[in-house]
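Work through the exercises below with the structure at hand. Each task is followed by its solution in steps.

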Amino acid sequence: MRPKGLIVLGIIFIVLGLTALVSTLTGYDFGAICFPLGLILLGVWVLWRPRMVSGERETHFQFLGDVKRTDNYALHNEEIWSFIGDIDIDLSRAQVAVGETSLRAYNFIGDVEVDVPTGVGLMLVADGFLTSIKWMGAKEDNFLTGAQHATPSYEQAERKVRLEVTSFIGDIKVRQISG
């Protein structure tokens, strides 16, 4: 099964390609209509998205700037939306509940940095146009492909975090720390 982020990105590319093709073949500039219409639809979707998310997940929007989860805090299911900015998550300072907690991070351009203590299992699912991942010291670059990594003890861990990152251009850095 393909990740949702890649499916959406693929649909966007198909629509843009079809618009360009029809404009070239007909001589009519459909981009002049489709681009503003696309922005309007994106705005409507952003406004209605929090209402579509179930009550079990909190949604945080940050258009420009950084989102930091680095203080002592209770971790809960959450979606973080950022157009341009970095997302820092320090799980060593978080109170992670027993079971699996789901975090979703969506950004257009930005970095996601995660510090993982040894007692917490982490599953990373990353999608994007151009993504660079530094996972526990190893580096991989992805172009239009998804990546999935998990800490060795993820399945057996009592406290788990599933982090799904979707970005257009982004770096993801995951570090294991003692704690």
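## Aromatic contacts

In this predicted model, ring pairs join Phe83, Phe108, Phe129, Phe143 and Phe168 into a cluster.

**Exercise 1.** State how many aromatic pairs a search of the whole structure finds, and classify the pair of Phe108 and Phe168.

*Solution.* The search of the whole structure gives 5 aromatic pairs. In one of them, the rings of Phe108 and Phe168 lie 4.9 Å apart, centre to centre, with 5° between the planes. Planes under 30 degrees apart count as stacked, so this pair of Phe108 and Phe168 is stacked. Phe108 belongs to strand 7 (residues 99–117) and Phe168 to strand 11 (residues 159–177). The two are 60 residues apart, and the pair links distant parts of the chain.

**Exercise 2.** Decide whether Phe108 and Phe168 are buried, partly exposed or exposed.

*Solution.* Buried means under 20% relative accessible area, and exposed means over 50%. Phe108 has 34% relative accessibility and therefore counts as partly exposed. Phe168, at 25%, is partly exposed.

**Exercise 3.** Which residue lies over the face of Tyr154?

*Solution.* Lys160 does, at 5.2 Å from the ring centre.

Methods
Residues are numbered from 1 along each chain as its sequence is written. This is a predicted model: local features need pLDDT of at least 70, side-chain atom pairs count only at pLDDT 80 or more; totals for chains, interfaces and linings use all residues. Side-chain values use heavy atoms; hydrogens and water are left out. Rings of Phe, Tyr and Trp (its six-membered ring) pair if their centres lie within 6.5 Å; planes under 30 degrees apart count as stacked, over 60 as edge-to-face and the rest as tilted. Helices (H or I, at least four residues) and strands (E, at least two) are DSSP runs, numbered from the N terminus. Buried means under 20% relative accessible area, exposed over 50%, partly exposed in between (1.4 Å probe, protein chains only). A charge sits over a ring if NZ of Lys or CZ of Arg is within 6 Å of the ring centre and within 35 degrees of the ring normal.
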